[in-house]
Amino acid sequence: MLSAKTELSDKVELLSSGADDYLTKPYQLEELWARILVQLRHANAAPTGARLCYRDWVLDLDEMTLTAAGRPVNLTAHEFKIVELLAGRPKRVFTKQQIYEAVWEQDYAVEDKTITVHISNIRSKLRPSGTDGYIQTVWGIGFKLAEN
């Protein structure tokens with residue numbers, strides 16, 4: 001978070017709301033770069049046995065498996081990465097472009113149905129566990145996880 005707000009209450013509120021770091025203006029470019037490198041280091045160093053949990057979902061990041069309401073869900077690699085992306089930031093709305101670029105790691109050149117089809121397949125696979133409603137469509141924007 002980069003902000004001109006210097007009050008402690010503002011910093012605490014934003015960090016509590018999900019910001020990973022907070023830097024106030026004016027700032028030194030070297031400090032900003034160092035903080036970016038720390039975030040990249042954390043993002044690339046998932047510990048062994050790392051798990052990501054969201055409601056009745058448990059994602060094993062090492063084995064790339066999903067358990068939903070106690071049931072194993074067989075996902076393709078791309079489907080797993082989509083679920084991991086959404087579960088990693090459950091309140092964030094992701095556009096199709098953001099999902100595509102994060103999962104396929106290439107530029108999103110044209111509008112197609114790739115993401116819509118993958119989301120539909122994921123929901124179908126989640127249906128037996130009763131957790132298919134966790135993935136919410138935000139019309140005209142993209143997808144996010146439904147709040148409790």
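1. E31 and R35 form a salt bridge in this predicted model, with the closest N and O atoms 2.8 Å apart. The two residues are four positions apart in helix α2, so about one helical turn separates them. E31 is partly exposed, its relative accessible area being 35%. R35 also counts as partly exposed, at 27%.

2. R35 has a further salt bridge, with D21, and here the closest N and O atoms are 2.5 Å apart. Because R35 lies in helix α2 (residues 29–43) and D21 in the loop between α1 and β2 (23–24), this pair ties together parts that are 14 residues apart in sequence. D21 has a relative accessibility of 23% and therefore counts as partly exposed.

3. How many salt bridges does a search of the whole structure find? The search gives six. One of them joins the side chains of D60 and R51, at 3.9 Å from N to O; the cut-off for a salt bridge is 4 Å. D60 is buried, with a relative accessible area of 10%, whereas R51 is exposed, with 55%. In general terms, side chains of opposite charge can pair when their charged atoms come close.

4. An open sheet is formed by four strands in the order β3-β4-β5-β6, with antiparallel pairing. Its edge strands are β3 (51–54) and β6 (71–73), each of which pairs on one side only. From one strand to the next, the twist averages 25°. Between β5 (residues 65–68) and β6 there are three bridges, in the antiparallel sense, and L66 stands opposite V73 of β6.

5. Which strands does helix α3 lie across? Helix α3 (residues 77–88) lies across β3, β4 (57–60) and β5, and it runs at about 115° to β4.

6. Helix α3 also packs with α5, at an angle of about 85° and with the axes 10 Å apart. This makes the two helices, α3 and α5, roughly perpendicular. On the α3 side the contact is made by H78, E79, I82, V83 and L86; on the α5 side it is made by H118, I119, N121, I122 and K125. Sorted by class, the contact of α3 with α5 has five nonpolar, three polar and two charged residues.

7. Are α4 and α5 roughly parallel or roughly perpendicular to each other? The axes of helix α4 (residues 96–104) and helix α5 (residues 114–126) come within 9 Å and cross at roughly 80°. Angles of 65 to 115 degrees count as roughly perpendicular, and α4 and α5 are therefore roughly perpendicular to each other. Helix α4 contributes K96, I99, Y100 and W104 to the contact, and α5 contributes T114, I115, T116 and H118. By class, the contact of α4 with α5 has four nonpolar, three polar and one charged residues.

8. Strand β9 (residues 142–145) has pairings with β7 and with β8. With β7 (residues 94–95), β9 pairs in the antiparallel sense over two bridges, and T95 stands opposite G142 of β9. With β8 (residues 135–138), the strand is joined by four bridges and again runs antiparallel; I135 stands opposite L145 of β9. Strands β8 and β9 form a hairpin with three residues between them. Within that turn, G140 has a positive phi of about 80°.

9. A last point concerns A4, which is found in the loop between β1 (2–3) and α1 (8–16). Its relative accessibility is 56%, so A4 counts as exposed. A4 and L126 are separated by 122 residues in sequence and by 44 Å in space, taken from C-alpha to C-alpha.

Technical notes
Residues numbered from 1 in each chain as written. Predicted model: local features only at pLDDT ≥ 70, side-chain atom pairs only at ≥ 80, totals over all residues. Heavy atoms only, no water. Pairing = 2+ DSSP bridges. Axes fitted to C-alpha atoms, helices over the stretch in contact; angles between N-to-C directions. Contact = heavy atoms within 4.5 Å. Parallel < 35°, antiparallel > 145°, perpendicular 65-115°, else oblique. Nonpolar A, V, L, I, M, F, W, Y, C, P; charged D, E, K, R; others polar. Buried < 20%, exposed > 50% of the residue type's maximum accessible area, 1.4 Å probe, protein only.
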